[in-house]
Amino acid sequence: MSGLRGGRPDYGGGIGAFLCAGAVAAVLLGVVLLFALLFMRGAAAFWPRPLTEWRLADGTVRLAEELDERPDGSIRARIGNREFYGLDFLIAGPEEVAARSRPADAVRIERTENGPFFGYLDQAGAETWRLRLPDGRPVELPAAQVLRVSYPNRLGWFGRVGAWFAGVGRFIVEEPRNANQEGGVWPALVGTSLLVILMSLLVVPFGVLAAVYLNEYARDTWFVRLVRVAVNNLAGVPSIVYGVFGLGFLIYGVGGAIDRAFFAADLPRPTFGAGGVLWAAVTMALLTVPVVVVATEEGLRAVPRERREAALALGATRWEMLRHVILPGARPGILTGAILAVSRAAGEVAPLMLTGVVGFARELPIDGDFPYLHLQERFMHLGFHIYAVGFQAPNVEAAEPLVYATAALLLALVLALNLTAIRLRARVRKRLEGR
Amino acid sequence: MNSASASPASSLGGIAADAASRRPRLAAGDAPVIRVRDLDFFYGSTQALWGVELDIRRGEVLALIGPSGCGKSTFLRTLNRMNDTIPGTRAEGHVLLDEVDVNSPDVDVVELRRRVGMVFQRPNPFPMSIYDNVAFGPRLHGRARRAELDELVERCLKGAALWDEVHDRLKASALALSGGQQQRLCIARALANEPEVLLLDEPASALDPNSTAKIEDLIFELRGRYTIVIVTHNMQQAARVSDRTAFFLKGRLVESGPTEEMFTNPTRLETEQYITGRFG
Ligand SMILES: Nc1ncnc2c1ncn2[C@@H]1O[C@H](COP(=O)(O)OP(=O)(O)O)[C@@H](O)[C@H]1O
Ligand SMILES: [Mg+2]
């Protein structure tokens, strides 16, 4: 009896548990940091900042949107009026700014060109607006260039929250302007959604049929085993390789043949022989078909053997058994595959760069003109937009907040898609189990 | 024979005699609906049945008993060719359903399985509503008229003694039923095909005693209207529900005969040893 007492004190914990818990904590921290950074930086892009009048030691006057303070005490600020100063941004040390104040009638004007204007508004004419620069110099602006006028220093707390929501709304529903550095991401959002929808329409039926063939019809021969190994390993092929395939086979091969057969009149201008949303979707479907096949096969295997036998014993043919008993029972597995495919496709950029994504598309691939869906059109994509805005825009510093905002939106989109699909799967499961 | 082993045998005989006395005699009890002649069965190169000869009479309840692994399920599944679904299997000999050999190549397996229904050991309802489960077979066989189906579903659920428990939730999922209810639903589902023969492979072995009793009552009810072949490892159950019993051992049919006789007065030593619990 006494041997039972006085056991090891660390029975419930010990070094193993500590290490494992530590790893979990590190992973969690990483995820939380990623989300926090993206969403906070993204949200900050729309927070209306006050305009501070800087009187600099050299006598110049600027209106500054103060962005961040550096460790040495200097402040980075946006000063606007690019056509007059040449620079959008200014970094000033504490000794360089002789005086700071917040003039209530400082105005911020968003325009179609040259970034925002910071200054004072004298007269808003029908043809031209008469304005003053922060130092009082009068200037004129064609009225047609004016997009929006605000007085950030007059905003109360509620006003700012309202302005923030309005800013987020415009970001989502507006077209980009000024080489993507301003405006919204609507075309990229539409392009991403269309791509994901097209891809799902392709990948789910094909993946499910392939899984059904492998799992239900194919005998266990070396060929089938080879196919299965190939399918499993397709998932590990670098995604840019799929892009090369899409370009070489789909666009030049298949698309070229379609053009010669049906659009010969337009040649040499390509119709389907160039990158477009259809070829991008087919490439993405190829990229994601392994996960659908694997998940569906798992779902099929989860259907109990007795249930198959019961269907056959009632006189069902193999196809009827599949159609009415097995596939409905495998729906959670199929949905799992679709979820994985969609989240992968929504975030993957590399293959798109070879198959039709562009940084700025004049037209949406879906619109009100017959035939409404233009599968051969090039398109914009949130993932590529992040790259295009962040690294290809002429003024990277001005575009930086939009990079975070776009990334946050992409993340939110993928999360929303996942959550929807997971809830759908839970509902299907519940219905299947009858609870 | 020693006296210790005599008592279980005679008590089983008593159960069988008692059950027989409560059963009406079958009118057409002697015409065989299935005749099995010289049946061998192979899983690949392993032989599982050896020269089985057995008549199954119209309207009777035939119990198949024998130790685990002796080929009862294999035999049962040769009757509706369910073994076809296992690759590499082969049957030799004859299984004649109304004088037609079910293994001949021109037999329509779908129609065979409609006429010879089957219920398995573990309840296996489909993941759909109670109604759709019962209507599954009739829909496959092209009986999709709504009113006709409604009437058939009700009749089969009543036939399987389940109607009173589920009539107000026919649209609910079948998976929400208890195990015993699920098994009766599977019987109703098999009945909906209006089979002539019903094969039951240990239908109560996964159920609690209460549900088992209900299944046994049900078999008693169905007797005479369907020909029933039931595999069971439970001697009392065989004694209670069956008219005749067939004893299998190591892939061979040792003997068959009226249940009461088998349990009181078996002709073969192995049979006696088995039913008195000496092995198996
Ligand atoms: N699918 C199968 N493949 C190979 N052998 C099998 C298979 N099913 C059953 N057997 C073998 O056939 C013999 C009879 O099995 P079975 O008919 O299931 O016995 P019982 O139902 O009487 O317990 C056993 O030896 C078993 O191992
Ligand atoms: Mg068995």
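At what angle do helix H6 and helix H7 of chain A pack? Let's start there, and keep in mind that what you see is a predicted model.

So, H6 covers residues 239–262 of chain A and H7 covers residues 277–302 of chain A, and they pack at an angle of about 135°, with their axes 9 Å apart. That angle makes H6(A) oblique to H7(A), and their crossing is right-handed. If you want to find the contact on screen, look on the H6(A) side for A:Ser239, A:Tyr242, A:Gly243, A:Phe245, A:Gly246, A:Leu250, A:Ile251 and A:Gly255. Facing them from H7(A) are A:Trp279, A:Val282, A:Thr283, A:Leu286 and A:Leu287. Sorted by class, that contact has 8 nonpolar residues, 5 polar ones and no charged ones.

Okay, over to chain B for another helix pair. Here we have H4, residues 130–140, and H5, residues 146–159, with axes that come within 10 Å and cross at roughly 110°. Because of that angle, H4(B) counts as roughly perpendicular to H5(B). The crossing here is right-handed. H4(B) brings B:Tyr131, B:Val134, B:Ala135 and B:Pro138 to the contact, while H5(B) brings B:Leu149, B:Leu152, B:Val153, B:Cys156 and B:Leu157. What about the classes? There are 9 nonpolar residues in this contact, with no polar and no charged ones.

Next up, the place where the chains meet. How many residues of each chain are in contact with the other? For chain A the number is 20, and for chain B it's 26. On the chain A side, three helices each supply at least two residues: H8 (305–313), H9 (318–329) and H13 (396–433). H8(A) gives the most, with 6 residues.

One is A:Asn81, at about 50°. You'll find A:Asn81 in the loop between strand E3 (75–78) and helix H2 (82–85) of chain A. Is A:Asn81 buried or exposed? Buried, because it has 22 other C-beta atoms within 10 Å and the cut-off is 20 or more. Over in chain B, B:Glu202 has a phi near 45°. B:Glu202 is in the loop between strand E7 (197–201) and helix H8 (209–222) of chain B. B:Glu202 is buried too, with 21 other C-beta atoms within 10 Å.

Now the ligand. Which residues sit around ligand 1? They come from chain B: B:Tyr43, B:Thr46, B:Ala48, B:Gly66, B:Ser68, B:Gly69, B:Cys70, B:Gly71, B:Lys72, B:Ser73, B:Thr74 and B:Ile86. Two elements of chain B give two or more residues to that shell, namely strand E2 (46–57) and helix H2 (72–79). H2(B) has the largest share, 3 residues. The shell divides into 4 nonpolar, 7 polar and 1 charged.

A:Arg362 is in the loop between helix H11 (350–355) and helix H12 (382–392) of chain A. A:Arg362 is exposed, with 9 other C-beta atoms within 10 Å. From A:Arg362 to A:Val212 you go 150 residues along the chain, and their C-alpha atoms are separated by 42 Å. Then there's A:Phe35, which is in helix H1 of chain A, residues 14–44. A:Phe35 counts as partly exposed, with 14 C-beta neighbours inside 10 Å. Between A:Phe35 and A:Met199 there are 164 residues of separation in sequence and 27 Å in space, C-alpha to C-alpha.

How values were computed: Residues numbered from 1 in each chain as written. Chains lettered and ligands numbered in written order. Predicted model: local features only at pLDDT ≥ 70, side-chain atom pairs only at ≥ 80, totals over all residues. Contact = placed C-beta atoms within 7 Å. Helix = DSSP H or I, 4+ residues; strand = E, 2+ residues; numbered from the N terminus. Axes fitted to C-alpha atoms, helices over the stretch in contact; angles between N-to-C directions. Parallel < 35°, antiparallel > 145°, perpendicular 65-115°, else oblique. Left-handed = near helix turned anticlockwise from the far one by under 90°. Nonpolar A, V, L, I, M, F, W, Y, C, P; charged D, E, K, R; others polar. Buried ≥ 20, exposed ≤ 12 C-beta atoms within 10 Å, placed from the backbone. Near = placed C-beta within 6 Å.
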